[in-house]
Number of protein chains: 2
Amino acid sequence: MKLLIVGGIAGGASAATRARRLSEDSEIVIIERGPDVSFANCGLPYHIGEEIPHRESLLITQLERLRQRYKLDVRTRTDVVAIDRVARSVTLRNLDTGTQSQESYDRIILATGAAPIRLPLPGIDLPGIYSLRTLQDMDRIKAAIDAKPTHAVVIGAGFIGLELAENFLRRGVPTTIIELQNQVLPPLDAEMTTPINETLRKHGVELRLGDSAVGFAQISNGLKITLKSGGTLEAELVVLGIGIRPENRLAVESGLEVGPRGGIRVNRHMQTSDPSIYAVGDVVETFAFLSGEPTQVPLAGPANRQGRLAANHVFGKSRAYRGTQGTAILRIFDRTVAMTGATEQTLERLGRTYRKIYIHPNDHAGYFPGAQSMSIKLLFDPVTGRILGAQAFGGSGVDKRIDILSVAIQAAMTVQDLEESELAYAPPYGSAKDPINMLGFVASGLIRGEHPQIDVDKLDQPTDRLRFVLDVRTPEEFQGGHLPNSVNIPIEELRQRLSELPKDQEIVTYCQVGQRGYLATCILNASGFHAKNLSGGYRTYLLYHPRCLGPAN
Amino acid sequence: MKLLIVGGIAGGASAATRARRLSEDSEIVIIERGPDVSFANCGLPYHIGEEIPHRESLLITQLERLRQRYKLDVRTRTDVVAIDRVARSVTLRNLDTGTQSQESYDRIILATGAAPIRLPLPGIDLPGIYSLRTLQDMDRIKAAIDAKPTHAVVIGAGFIGLELAENFLRRGVPTTIIELQNQVLPPLDAEMTTPINETLRKHGVELRLGDSAVGFAQISNGLKITLKSGGTLEAELVVLGIGIRPENRLAVESGLEVGPRGGIRVNRHMQTSDPSIYAVGDVVETFAFLSGEPTQVPLAGPANRQGRLAANHVFGKSRAYRGTQGTAILRIFDRTVAMTGATEQTLERLGRTYRKIYIHPNDHAGYFPGAQSMSIKLLFDPVTGRILGAQAFGGSGVDKRIDILSVAIQAAMTVQDLEESELAYAPPYGSAKDPINMLGFVASGLIRGEHPQIDVDKLDQPTDRLRFVLDVRTPEEFQGGHLPNSVNIPIEELRQRLSELPKDQEIVTYCQVGQRGYLATCILNASGFHAKNLSGGYRTYLLYHPRCLGPAN
């Protein structure tokens with residue numbers, strides 16, 4: 001067996017080492033265009049920010065180790081010019097010498113990744129405009145930051161854009177993010193990005209949402225960026241983080257099928273339309289775990305697993321890829337945002353029935369020092385209770401809850417299962433009723449009709465029905481901010497003041513996070529009223545109606 | 001409906017508030033012997049250590065709030081003297097006035113908890129000998145620690161014993177732990193307690209394993225403790241943490257069934273042998289999630305869930321208890337130990353076939369600062385791959401992995417599923433191949449025969465077969481410590497030095513954590529040798545053969 005692997009970073013390196021373990025005798029060749037293989041591309045922004053102090057630590061597996069330990073034939077600075085699928089041969093070009101050569105193959109694994117998108121804007125090729133993919137890109141951006149610029153601009157508020165902005169600020173460089181959409185992190189549901197905006201602004205990032213750069217010009221001390229909104233910005237450096245496109249040239253030229261967004265089409269064994277050629281990682285179009293619909297999700301975890309699976313299949317150890325859930329996480333200064341499974345946007349687009357709840361628990365027992373708050377949004381099937389997706393923002397413990405929910409989605413668990421989950425509890429780590437259990441309680445209560453709830457966005461919609469909005473918090477909490485037209489009756493007084501409430505209107509109860517509102521709903525419905533609890537209470541309301549900072553723009 | 005709840009801490013308080021949400025009109029009475037309800041009993045040791053600075057914060061729900069907000073009839077300092085099951089009436093005694101009264105009931109929930117065991121040893125009732133259950137117990141122990149004793153003794157190295165020792169050390173009080181068994185934390189498998197011993201000793205705790213106190217005598221400056229081993233210890237205070245027994249007097253006197261260890265027998269709805277009487281929490285005998293065998297596991301999470309379930313069933317919202325997995329966690333100074341599901345001890349006792357693996361990964365990407373190492377032991381079915389149990393020790397991230405595995409056990413997942421889990425990866429939080437995935441890779445490789453492995457304890461057993469033990473680490477690592485009679489050939493040189501190895505013996509390869517040993521096994525078996533990899537490598541060997549500190553005793 002002679003296996004060529006094109007691209008030696010995440011998926012390619014995983015495929016190569018796995019292949020060697022499965023076959024000591026095969027010829028395994030890694031062909032990599034860049035000078036480096038198996039580097040930690042997720043770490044690049046953090047070396048710019050000097051949180052990862054040593055550049056060498058980004059080289060996960062040294063070239064020599066791949067050669068010696070894994071007996072791999074690694075050819076860096078080498079491009080695959082063409083694939084001759086009939087002759088089973090590829091044309092290689094040494095990028096240093098320009099010499100071309102032929103290499104036969106039995107199987108190919110394409111792991112060519114994706115390249116940052118560069119829009120054809122006026123001035124896009126001016127010096128000072130960067131994108132980040134390779135260690136060399138990182139070196140250039142870091143050099144620009146080391147020069148202590150007075151201002152940096154990041155175009156695009158996706159994962160890379162936010163990581164860059166954080167690391168620029170860490171280096172003391174004032175930074176503006178320009179994002180075409182009206183929210184940061186477009187893969188998230190919009191309301192869940194409200195606390196991200198607040199965190200970014202608190203740490204000095206300037207956010208310009210719903211705007212874009214339309215051109216660049218050189219000025220004496222750097223660049224002038226012209227905005228779609230009409231204004232201009234000046235900065236010594238601009239980094240483009242507006243997205244990536246699959247590096248599919250080789251696949252297209254070889255006649256392999258690609259999807260509408262450019263990802264190479266593969267089956268569940270990562271085989272392309274030519275069964276001798278596999279593709280893995282950011283270059284492929286795969287499918288969503290829950291819906292089965294085609295998707296392109298550039299994440300390191302799936303890339304590595306796909307690399308393993310492709311190598312498995314090459315050597316007859318077949319196991320099918322189960323699809324991508326889209327589990328992702330991002331540190332935003334001292335906070336964390338994470339997600340798994342479908343978002344509300346996605347479920348709406350698919351026309352799938354769902355319900356949602358919000359909770360705002362602490363990561364561990366409130367009586368133990370250092371408890372940090374988080375907000376979790378859970379999406380689930382309103383009939384079966386099957387978990388469809390989750391998003392969370394907060395301090396420590398967000399990663400744990402999203403990982404638990406990711407595994408729960410993988411196992412097709414329901415919100416009823418979450419009620420019964422037995423999680424590790426000691427005061428420094430959790431609560432006797434963990435946030436995961438709380439999600440189960442609140443969502444199951446909704447399904448079973450024990451805990452009628454209404455969502456903030458539903459409440460925002462105009463209705464013919466008369467609604468009475470009842471705030472059951474303390475007068476102090478009420479005075480600190482409340483829903484429009486709400487009436488305050490603290491929960492402790494509610495039973496004595498039922499006569500103040502209308503029986504012919506829907507009553508929406510709410511408190512700070514939902515717990516007192518739930519009890520109020522129980523009390524009212526047991527007394528002949530028609531009450532629903534606002535899911536997640538005032539804190540969820542504030543996600544939809546950011547208070548202090550004005551409109552996000 | 002008139003519901004009496006006997007005991008107002010974890011399970012009782014949960015049952016009461018749940019019952020009120022389900023029924024606004026029922027009469028719900030909490031009868032609590034102590035002066036406090038709903039306090040954070042898991043937090044008591046940490047207030048002694050002053051990590052929880054304010055005593056009030058241990059009162060989770062104030063008495064007045066339970067009365068006002070939940071309309072509960074709470075009677076503290078009140079004992080239930082007897083239950084008349086025929087007349088459906090209980091006799092109450094006010095512990096302050098001594099007056100008795102009758103109270104009728106429709107349903108009772110017993111949540112009387114468990115009491116610390118006090119052995120009938122000479123001098124056991126001397127002043128200075130404490131146990132910890134209530135806030136008042138805590139106050140007494142804290143006062144003794146506040147007096148700055150020169151030495152404290154904790155008898156019993158279970159969860160409470162270790163928490164107390166840590167908090168005493170935190171207050172600067174030298175502390176000795178005496179434990180009858182040859183290991184700390186007897187619920188864990190012995191080898192997994194090795195790093196706990198090391199951590200305790202590093203922080204100044206003196207451990208006396210395999211020993212016990214046989215008597216106490218008053219001396220001028222405190223107590224003299226006579227040990228079974230013959231020696232004596234002196235200390236100003238002694239705390240008993242040798243275990244608890246269910247507070248089952250009421251149940252026994254009422255003729256309810258109890259198990260051999262004293263736990264009240266209940267069905268899956270938490271009903272005792274009298275269907276009008278429920279029991280929840282530390283007082284019950286329930287069943288193990290995996291094996292279904294009867295078990296008594298005093299944990300706050302199950303107690304709270306059982307309280308909810310009992311209240312549900314009283315009000316016709318029936319859902320069955322799924323059994324207790326035994327998910328538990330403990331902070332030990334700056335480290336964490338946690339477990340879920342069955343241990344090897346348990347599986348041996350049940351005669352269940354299983355396999356085990358060990359891994360020693362970092363909590364997050366090694367290239368990102370602050371990565372901390374952990375050790376995970378995974379037990380699984382060797383045929384189906386079903387996950388049976390897990391134990392872990394290490395720094396940050398241990399709680400996350402055990403919680404994920406707990407949910408995986410709940411969902412009847414297999415090690416093959418863990419290979420495919422899609423967990424949240426960014427450098428501060430995990431790795432592209434998370435420890436959970438690694439567990440899946442290593443265990444699945446074992447099941448599929450791709451990765452033959454041998455366990456340290458198997459290697460320790462005498463055998464007729466000739467074995468060749470091959471260390472594939474660097475010479476420097478080898479010189480730092482290695483297995484007896486092992487030969488060192490670094491992995492990079494292995495392919496060139498195959499002639500040095502025997503074809504007629506079983507070769508056991510090992511490295512530091514198992515990865516290079518795995519590759520060595522692949523290389524050797526592809527070349528006609530018979531090789532197995534030592535699961536978890538030298539670090540697992542050190543769990544079984546602690547090196548620096550001599551025997552644990």
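Two strands are taken to pair if DSSP finds at least two bridges between them. The views below show a predicted model.

**View 1. Pairing of strands E27 and E31 in chain A.** Strand E31 of chain A spans residues 530-534 and pairs with E27(A) in the parallel sense, over two bridges. Within this pairing, Ile454(A) has Leu534(A) of E31(A) as its bridge partner.

**View 2. The five-stranded open sheet of chain A.** The strands follow the order E27-E31-E30-E28-E29 in chain A, and their pairing is parallel. Strands E27 (453-454) and E29 (486-488) of chain A stand at the edges; each has a single partner strand, so one side of each lacks a neighbour in the sheet.

**View 3. Helix H16 against the strands of chain A.** Helix H16 of chain A, residues 515-526, lies across strands E28 (467-471), E30 (506-510) and E31 of chain A. The helix runs at about 175 degrees to E31(A).

**View 4. The contact between chains A and B.** Chain A contributes 66 residues to the contact and chain B contributes 67 residues. Elements of chain A that each supply at least two residues to the side touching chain B include helix H1 (10-22), strand E22 (328-332) and H16. The largest share of that side, nine residues, is provided by H10(A). By class, the side of chain A that touches chain B comprises 36 nonpolar, twelve polar and 18 charged residues.

**View 5. The relation between the two copies.**

Note on methods. Residues numbered from 1 in each chain as written. Chains lettered and ligands numbered in written order. Predicted model: local features only at pLDDT ≥ 70, side-chain atom pairs only at ≥ 80, totals over all residues. Helix = DSSP H or I, 4+ residues; strand = E, 2+ residues; numbered from the N terminus. Contact = placed C-beta atoms within 7 Å. Axes fitted to C-alpha atoms, helices over the stretch in contact; angles between N-to-C directions. Nonpolar A, V, L, I, M, F, W, Y, C, P; charged D, E, K, R; others polar.
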